[in-house]
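The sequence and structure come first.

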Amino acid sequence: MTLEPAHLALIDVVGDTLVSGGAAVWQDRVYFHHAPAESPKPYVIILLISSGETGRIHAEDSECILAVKVVAQELEQAGAGAALIVSLLRDKGTQDTSVNPLDAGAEWQVSYSRKLTDISYVELISNTEPRFHEGAQFKFRLERK
Amino acid sequence: MATLADNKGVLIIDTVDVSGFWTELKPKTKNNTKETSAGANITHVQRAKGLDDYSFDATIVYDDISATLQSYIQKMKVGNKYIVEYYPEGKVAGKPKHIQSMIVDSVNGPSQKVEKDLITFELSLSGADAPTSDMYLGAVY
């Protein structure tokens, strides 16, 4: 049996949560690391910033930091998308809530999730077309079940 | 010289093994010396050996699985006396062991903070009798 790394289990559940919770805004356009060329906007990008054991307890655990941002052509839409991301991912571990906590599958439990720094910047395409990136970094703590 | 990983210590309280839950173990020993200073021209305190006093501080993590928590939280009732076993490098032949009857002196916890962190108990035990196996006298597993 191959044990699944914590960050892959986490990215799966975060992706599923964003697709189901944000379908009205970005449909299923939630991507890991980069979006396909010419992808319609808005879309969501998930980036793995760091992942590793804490060494603070005997059981296998992991602290993962993900950057999650929405990319949109309108600042207002990007801001609203970022607020939706926060509402879907902040305080969603089993220690945070008993109502639909993030379910990371058979091997891992998400104990808590925490919003860290905000992400906010503008990219200019061909020096004319703005693309707004809004979101946040989140820290997730996972324990092997 | 040795560099230990500091994670193999086995602590058993009244036959309940809490080895998977501790984050810090601190056995402490002291001798209750008695001052015996005497004489007109002495310049330093003189002392004689008194009774040995062993104690043990342990930080134990709160577990969110109810059955697991119940297995050891009930060993934290202050005033209770238990046989405490401690093996700094685990139950390995030739490695130190310490077995002693101890009383639960005090427990702080479960302590928690709004900053998401481990929830812990700080357990303080005091020797209730002479050790049956004293690692400071060379007792080994």
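How many salt bridges does a search of the whole structure find over all chains? The search gives 15 salt bridges over all chains. The model is predicted, and the values below are computed from its atoms.

**Salt bridges**

| Residue with carboxyl group | Partner | N to O distance |
|---|---|---|
| A:Asp91 | A:Arg90 | 3.3 Å |
| B:Asp57 | B:Lys28 | 3.0 Å |
| B:Glu89 | B:Lys95 | 3.4 Å |
| B:Asp117 | A:Arg56 | 2.6 Å |

Side chains of opposite charge can pair when their charged atoms come close.

The side chains of B:Asp57 and B:Lys28 form another salt bridge, at 3.0 Å from N to O. B:Asp57 is in strand 6 of chain B and B:Lys28 is in strand 3 (residues 22–31) of chain B, so this pair ties together parts that are 29 residues apart in sequence. B:Lys28 has a relative accessible area of 40% and is partly exposed. B:Lys95, the partner of B:Glu89, is partly exposed at 30% relative accessibility.

**Contact between chain A and chain B**

Chain A contributes 11 residues to the contact, and chain B contributes 11 residues. About 880 Å² is buried between the two chains, and carbon and sulfur atoms give 47% of this area. Of the area that chain A buries against chain B, 59% is supplied by A:Arg56, A:His58 and A:Tyr112, more than by any other three residues.

Three salt bridges are counted between chain A and chain B. One pair, A:Arg56 with B:Asp117, has its closest N and O atoms 2.6 Å apart. On the side of chain A that touches chain B, strand 4 (residues 108–125) of chain A gives the largest share, with four residues. That side of chain A consists of two nonpolar, four polar and five charged residues.

**Strand 9 of chain B**

Is strand 9 (residues 120–127) of chain B mostly covered or mostly uncovered? Strand 9 of chain B is mostly covered, with six of its eight residues buried. Strand 6 (residues 52–61) of chain B runs antiparallel to strand 9 of chain B and is joined to it by seven bridges. In this strand, B:Phe121 is the bridge partner of B:Ile60. Strand 8 (residues 98–111) of chain B is likewise antiparallel to strand 9 of chain B, also with seven bridges. B:Gly127 in strand 9 of chain B stands opposite B:Met102.

**A:Arg131**

A:Arg131 is part of strand 5 (residues 129–144) of chain A. Its relative accessibility is 15%, under the 20% limit, so A:Arg131 counts as buried. The side chain of A:Arg131 is in polar contact with the side chain of A:Glu129 at 3.5 Å. Beyond neighbours within four places in sequence, A:Arg131 has contacts that include A:Lys41, A:Val71, A:Ala72, A:Tyr121 and A:Glu123.

Terms used
Residues numbered from 1 in each chain as written. Chains lettered and ligands numbered in written order. Predicted model: local features only at pLDDT ≥ 70, side-chain atom pairs only at ≥ 80, totals over all residues. Heavy atoms only, no water. Contact = heavy atoms within 4.5 Å. Buried area = accessible area lost by both parts, 1.4 Å probe. Salt bridge = Lys/Arg side-chain N within 4 Å of Asp/Glu carboxyl O. Helix = DSSP H or I, 4+ residues; strand = E, 2+ residues; numbered from the N terminus. Nonpolar A, V, L, I, M, F, W, Y, C, P; charged D, E, K, R; others polar. Buried < 20%, exposed > 50% of the residue type's maximum accessible area, 1.4 Å probe, protein only. Pairing = 2+ DSSP bridges. Polar contact = N/O pair within 3.5 Å; in protein donor to acceptor, adjacent residues only side chain to side chain.
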